[in-house]
Amino acid sequence: TQGYSSAASDVYKRQLYKFINGENGKYLVPDYKTIGDPFWMFMNLNGKNSIEQNLFLKEGILLFESKYFAEQFQNLYLLNCDNNVKLVGVSQQHLKEIVYLKDEYKVSVKLFNQFTSDLNKWPYHFWDLDVADIEMYIR
């Protein structure tokens, strides 16, 4: 069964790679109906692939445990972004994609610390997450 497991893993990684790079048509983002499970984040709807859509802020991918804090952050600090930046819920599948981006492309992923951050004072505090940190949230 080890060979089957390895082959299945390879197939999954190839399909995920094609999906992330937009090889199967336009890359699809979560829409406004996606509930944050367990996070919320901002995405660039004009991106042609996963990296362009997920990673458009120089700070990296910013994750929020609370939609309220994400909305407040957007209202205070993302006003210069056009309508192509949307707040979306991160599904379990999207979270797996973020792990892939972190692992394969060394993308910076940060989690908003709502306990030590004051919404009225910049800079906000974000924890840097590694792959193991993110995988804890995957069911």
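Of the 17 residues in the largest nonpolar core, which ones touch the most other members?

Modeller: Happy to! This is a predicted model, in which local features need pLDDT of at least 70 and side-chain atom pairs count only at pLDDT 80 or more, while totals for chains, interfaces and linings use all residues. Residues are numbered from 1 along each chain as its sequence is written, and side-chain values use heavy atoms, leaving out hydrogens and water.

Now to your question. The members of the 17-residue core that touch the most others are M41, I61, L63, V90, I98, V109 and I134. A nonpolar core here is a set of buried Ala, Val, Leu, Ile, Met, Phe, Trp, Tyr and Cys residues joined through side-chain atoms within 4.5 Å. Buried means under 20% relative accessible area, exposed means over 50%, and partly exposed lies in between (1.4 Å probe, protein chains only).

Where do the core residues come from? At least two each are supplied by strand 1 (39–44), strand 2 (61–63), strand 3 (85–90), helix 4 (92–105), strand 4 (109–112) and helix 5 (131–135). Helix 4 gives the most, with four residues. Helices (H or I, at least four residues) and strands (E, at least two) are DSSP runs, numbered from the N terminus. A second, separate core has 13 residues, F42, L62, F73 and F126 among them.

Let us look at one supplier, strand 3. Five of its six residues are buried, so this strand is mostly covered. Strand 3 runs antiparallel to strand 1, and six bridges join the two; strands pair if DSSP finds at least two bridges between them.

Rings of Phe, Tyr and Trp (its six-membered ring) pair if their centres lie within 6.5 Å; planes under 30 degrees apart count as stacked, over 60 as edge-to-face and the rest as tilted. F64 and F73 have ring centres 5.4 Å apart and planes at 50°, so they make a tilted pair. Both F64 and F73 are buried. F64 also pairs with F126: the centres are 5.8 Å apart and the planes at 85°, so this pair is edge-to-face. Because F64 lies in the loop between strand 2 and helix 3 (67–77) and F126 in strand 5 (residues 126–129), the pair ties together parts that are 62 residues apart in sequence. F64 counts as buried because its relative accessibility is 0%, and F126 is buried at 16%. Both belong to one aromatic cluster, which also includes F42, Y68, F69, F73, Y77 and F112.

Finally, step back to the whole chain. The protein chain has five helices and five strands, in the order α-β-α-β-α-β-α-β-β-α from the N terminus. Of its 139 residues, 39% are buried. Contact means heavy atoms within 4.5 Å; among the chain's contacts with a separation of 6 or more, 67% are between residues 24 or more positions apart.
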